[in-house]
There are 4 protein chains.
Amino acid sequence: MANPRKLKMGMVGGGRDAFIGAVHRTAACLDGDVEFVAGALSSTPGKAIASGKDLGLDDARNYTTYETMIDGESKLPEGERVDFVSIVTPNHMHFPVARAMLNAGINVVCDKPLVHTVAEANELIELSKKCDAVFAVTYNYSGYPMVKQARHVARSGQLGEIRKIIVEYNQGWLAERLEKTGQKQADWRTDPARSGIGGAIGDIGSHAEQLAAYITGLRMESLCADLTTFVPERQLDDDANLLLRFEGGAKGLLCASQVCVGKENDLRIRVWGTKGGLEWHQEEPNSLSFTPLGEPEQTFRRGNNNLCEEAKKNTRIPPGHPEAFIEAFANVYNAACSAMRDGAGFDSGDKYDYPDLCAGAQGVRFIEKTVENSQSEIKWTKL
Amino acid sequence: MANPRKLKMGMVGGGRDAFIGAVHRTAACLDGDVEFVAGALSSTPGKAIASGKDLGLDDARNYTTYETMIDGESKLPEGERVDFVSIVTPNHMHFPVARAMLNAGINVVCDKPLVHTVAEANELIELSKKCDAVFAVTYNYSGYPMVKQARHVARSGQLGEIRKIIVEYNQGWLAERLEKTGQKQADWRTDPARSGIGGAIGDIGSHAEQLAAYITGLRMESLCADLTTFVPERQLDDDANLLLRFEGGAKGLLCASQVCVGKENDLRIRVWGTKGGLEWHQEEPNSLSFTPLGEPEQTFRRGNNNLCEEAKKNTRIPPGHPEAFIEAFANVYNAACSAMRDGAGFDSGDKYDYPDLCAGAQGVRFIEKTVENSQSEIKWTKL
Amino acid sequence: MANPRKLKMGMVGGGRDAFIGAVHRTAACLDGDVEFVAGALSSTPGKAIASGKDLGLDDARNYTTYETMIDGESKLPEGERVDFVSIVTPNHMHFPVARAMLNAGINVVCDKPLVHTVAEANELIELSKKCDAVFAVTYNYSGYPMVKQARHVARSGQLGEIRKIIVEYNQGWLAERLEKTGQKQADWRTDPARSGIGGAIGDIGSHAEQLAAYITGLRMESLCADLTTFVPERQLDDDANLLLRFEGGAKGLLCASQVCVGKENDLRIRVWGTKGGLEWHQEEPNSLSFTPLGEPEQTFRRGNNNLCEEAKKNTRIPPGHPEAFIEAFANVYNAACSAMRDGAGFDSGDKYDYPDLCAGAQGVRFIEKTVENSQSEIKWTKL
Amino acid sequence: MANPRKLKMGMVGGGRDAFIGAVHRTAACLDGDVEFVAGALSSTPGKAIASGKDLGLDDARNYTTYETMIDGESKLPEGERVDFVSIVTPNHMHFPVARAMLNAGINVVCDKPLVHTVAEANELIELSKKCDAVFAVTYNYSGYPMVKQARHVARSGQLGEIRKIIVEYNQGWLAERLEKTGQKQADWRTDPARSGIGGAIGDIGSHAEQLAAYITGLRMESLCADLTTFVPERQLDDDANLLLRFEGGAKGLLCASQVCVGKENDLRIRVWGTKGGLEWHQEEPNSLSFTPLGEPEQTFRRGNNNLCEEAKKNTRIPPGHPEAFIEAFANVYNAACSAMRDGAGFDSGDKYDYPDLCAGAQGVRFIEKTVENSQSEIKWTKL
């Protein structure tokens, strides 16, 4: 592989005590094509500076706010300033930071769920169109090579017409009131002011929704939802069950839960069509099960020659030396960075194979509609 | 084990070409405590007689109709006549045959779903009470030892308060229009006149419903359903997705499908409570996963000393020599036969641990309510 | 299937407290084609009689010794007397009982390992030839349908030329000195007088040896062995590791252990050739993995149409309703019984697909050579 | 975590077309604590330079030979010159390059197997002692967190006294004569001049040997081996089967093969003692099975609080977000780099938990003795 132009990354959020910031930095830099050069790593100025020092940032580019980062970077000569900024703050800051970046013409990589409301998502789409910036949303699970293979199997007709989708994301880490202990992740993710209107449905249900859409390409037409808050005094849902209907008549089930004791990040998807079925599980990501009608189950394995081009392209090492979470995350960064290098701009997600603003906006709409539907009791039949 | 009194079994249905009749006979006789002595094995007299000859029935007890069987057996001296009759016909015959047997004071083992309507189920309950007969419904999956262990774990408080149940029964055998080929099983199971108002929801969804109830003991309070007929021109649903609510606040998902290409009899259940989770899968029935809060997953295995009494009692051979479908089926027969030997009569299901008329009636109600709910469109929110 | 002539079975051994006798009776009678009519069920006369009463034997055919059984049965008219006798005693009685049965011209089904010495095995072969009796040895694992499929894959050239075989049978039940507790199975199986010169290698290593031979058809040419007795004061090996060489150049590993804590009946085999590999595991017997060179792994599943004839023929119920140990055992009985019905006599094992005296004798030779080789220290290189 | 001093890495080998060089660079730099600054990336000068340019090396430190690298780096002021050099050449260059580095007082990270002969290994040990350099050998599988947990379980007495070890490393990539196609990895790995006297036994058998030693701490006392070359005209073994004996009486089996069609990097280990057993599989590295005597199997999972300190320390992200090969590799680098930062010098492997020269030398001795033993035919008993 020829050596691509090394891109310069800035980051907002992701300082000391954060979890996902380090993942973003490692993923972005995994293949040596991205350099982390600037940060506004915390909303607390002292912590921002300390975090930047930990990570070896130049003092001049170790900012205390995203506004000063935009200011500072804009003054640098082209070629020195950041090529893109990763936004890894709690959800409520995604919108103001992303808007400011787009207004400054800076490419963005932003964590999911994108923003709190559909209105905000639409505003970002408009801004992004205007400045023709690349905007990637880190639906990282779609970066797995075997998810690419699943997409290939589904979209190349090997399943026939799709009839049924079951997608689940079950965790157990919030089975108790962890937010009461001061655990930072639990704290903000269960707080509507910072997390948005969705709890489990926003944090992980949105991953499930995107994974189904990414693999099958089917548009969700309607839904029927039951959100529950199991843990006493929690402010957001920690369990979600949904019936789904897709264009073309496919039906689906989606569940997302944070109270499934013993489950870690049990994201799994099953899809069946008229000619075959497939199954993939995030915790054992290097395999993909495919069951063609009337034939024995086949297990595709990452790294083999019998896979599709996209699966092969998103792979680093030979079969049986397992790749996992961080490589999948890096694949999303790599795709977005390719688009940036080419100046591909808005709406390049499909071409470069990264989740873009449209995917992000769709996720926000999904969360809104789920919460809305769940509030109605009209759908239930008593036994 | 002391040798129990050998019971005499009659059978209605289950002749040549039938599938489930042979399973019932093998299961009932597996441990040598039941003798198959009389049959009305087909609604076609010639086939009935030929089937009985195949199986070595005495000519005198090889009947052409269930009515003549009742007649003939009633004339035999006590001790020679049948102790019970197994009804393994297509569903539409369950009610008339069962009613006739109860009217004659004969104990009954009947396949599921019990009958076509709640009204019929209630009539059988009344009759059964009156004649104080044992009436077992072969929800055979609840006969598995590791299902007994799951029930024990759930009911002894090891899961804490139950929050979530996911139960699935996915098959693929009806992904194409098999009923058009003359395949006997597909033919009657997709015919509302013989199968009843439920397709997948009746044939296998009812197993899922009963399994959840058997393990957790929770009463289902309400449901929200989406039934689909995917195969063109099929007359009954071949796919079912449901949201469930249980007494005490537990939530659930149930799905049952016959169009999941590649799936065989993929019945599986997961249950989570405040203190732990469990998972069981019918196709690998000798293991049960248990995840206590904060501890590593434990895998219980059939035949070991660390299991509950009911799991140990329903086991024949040592761990690692797998037992499977036929033994579980036999366990249901054995339990019902124990009740018969003791003259335990109506309402002895809980005590003797077999699925009784109440479980059967609950299944019929579940099917009715699911079909009713599925017809309403009011519950859906468009995206 | 037409109804086959019902055969009459006698049994020597297998009374109260025995484990394997009940398995043989259930297996033989599973499909209703065999009737258990006579027994000499224990070497202790009182226990023999009590055991026969438990099982409902006629007093006249409830014998106290195998000699009186031969006497009694021989006096019955043809058509009433036993068609065959199952020998399920501890190993040391196999030879005298089998010899007596053959001398009386009675077909035999005998548990494994066949006898204590190659000389005894050869004598049985001669006798069996002379009276042209069917003699089956219950290497029951070769009765599994997916083992038949494995044999088909291996023998039809789908693996190419076979290079490597790894076969293991790991148990943990003798990790402690269970024989000291009076546990009957442990007691005689660790006693050279009753069990023979092999402990683990005889009891379960012989199953592993036969499984490899049955699937691949390769003759073992030489071996190099390391037998160990781990449990203090035990008189026989409880752990065996072997290097194997087969005709044609294939190499192998065999291990058999009774001290692998946590293992139940973990018999598994892997075979690789120039064109593919396969893997089967007794504890999940309904699947068979096949890896053709350059293609994804395929998982064959019992009961499907895409299997070989022998696999389909040895199956009772549809895919996904698991069959297991007892059905596999019954398949061995059914095959031997078919040979008996046809009067096929000696050397009909290959044709009727049951393990015959030659397989039994090969197992005895294997045990002898393993024990012999293990006693030499010459093979080891110090590090 | 405080930010550790960033170390400067040089590399010998690992240029264009190499496989393992990129793995070493990514692993070393994964956590941002190592900087890749100098290279002699190929023995072909043109390729060396081009490879360095690809990777963004300064021209001044993009060397054509390891000798000029030593020269150049030695002239740089302390603090600028390399802290250590990674040797990722084919095996035959490990010795001369390592010797030269040690002579120059430079810390070394070297791929396995360490060198071709025990004599060479001993010379490196002497040199390393003299200059008190850190010398790590990348037995990367011992970097997995769940291998650390296995080691903890074994060494803290939870298995009791160890009796049996089965360790396997099965691959299928050399089932055909891949070296004939010009595939670079196959080419040198099957060439005795570059690979050494071991084929499969050297390349992957040595990993198996080290993994067993690392987990159990048991010294191998003697072995009995059968090496085979299955692929015609291949010059080295491609299949190895061994019987093992360990100090204290434990027995073992080791196999390593490159002709197991369908296997990728199927390294797995099972260990049993008097009180429990454990099992780990490299291709699903985030789980560890533990079976305590008489209790259900427990599955430990990476990232959880119920693990030992070493397992927790070698983990980056939460449970269920799988870590894999690259993180384990990085853990070996991190441990060696910690030793370098502390100036820990020779013989610090145990303290800092990295595989050191002693482990490397033991591997070379193992290969030599295996090849020696395999040449004797004396050990075989004919059947």
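What rotation, and how much shift along its axis, superposes chain B on chain A? Here are my notes on that and a few other things.

1. **Before you start.** This is a predicted model, where local features need pLDDT of at least 70, side-chain atom pairs count only at pLDDT 80 or more, and totals for chains, interfaces and linings use all residues. Residues are numbered from 1 along each chain as its sequence is written, while chains are lettered from A and ligands numbered from 1 in the order in which they are written.

2. **Chains A and B.** To put chain B on chain A, you rotate by 180° with 0.0 Å of shift along the axis, and the RMSD is 0.0 Å. The two copies are thus related as by a two-fold rotation axis. In chain B, Lys379(B) has the C-alpha nearest that axis, 2.3 Å away. (The superposition is by least squares on the C-alpha atoms of residues with pLDDT of at least 70 in both copies.) Also, 100% of the interface residues of chain B are interface residues in chain A too, so the copies meet through the same surface.

3. **Chains B and C.** Chain C goes onto chain B with a rotation of 180° and 0.0 Å of shift along the axis, again with RMSD 0.0 Å. Here the C-alpha nearest the axis in chain C belongs to Ala324(C), at 2.9 Å. The same surface serves both copies, as 95% of the contact residues of chain C recur in chain B. In this pair, 22 residues of chain C are in contact with 21 residues of chain B (contact: C-beta atoms, placed from the backbone, within 7 Å). The chain C side has nine nonpolar, six polar and seven charged residues. Nonpolar covers Ala, Val, Leu, Ile, Met, Phe, Trp, Tyr, Cys and Pro; charged covers Asp, Glu, Lys and Arg; the others, Gly among them, are polar.

4. **Helix H1 of chain A.** Helices (H or I, at least four residues) and strands (E, at least two) are DSSP runs, numbered from the N terminus. Eight of the 10 residues of H1(A), residues 20-29, are buried, so the rest of the structure largely encloses this helix. Buried means 20 or more other C-beta atoms within 10 Å of the residue's own, exposed means 12 or fewer, and partly exposed is in between, with C-beta atoms placed from the backbone. Among the buried ones are Gly21(A), His24(A) and Cys29(A). They pack against strands S1, S2 and S3 and helix H11 of chain A.

5. **The sheet in chain A.** Five strands form an open sheet, ordered S2-S1-S3-S4-S5, with parallel pairing. S2 and S5 of chain A stand at the edges with a single partner strand each, so one side of each has no neighbour in the sheet. Strands pair if DSSP finds at least two bridges between them. Three bridges join S4(A) to S5(A), and Cys110(A) stands opposite Val137(A).

6. **Strand S7 of chain D.** Seven of the nine residues of S7(D), residues 220-228, are buried. S7(D) pairs with S8(D) in the antiparallel sense over eight bridges, with Asp226(D) opposite Asn241(D).

How values were computed: Two residues are in contact if their C-beta atoms, placed from the backbone, lie within 7 Å.
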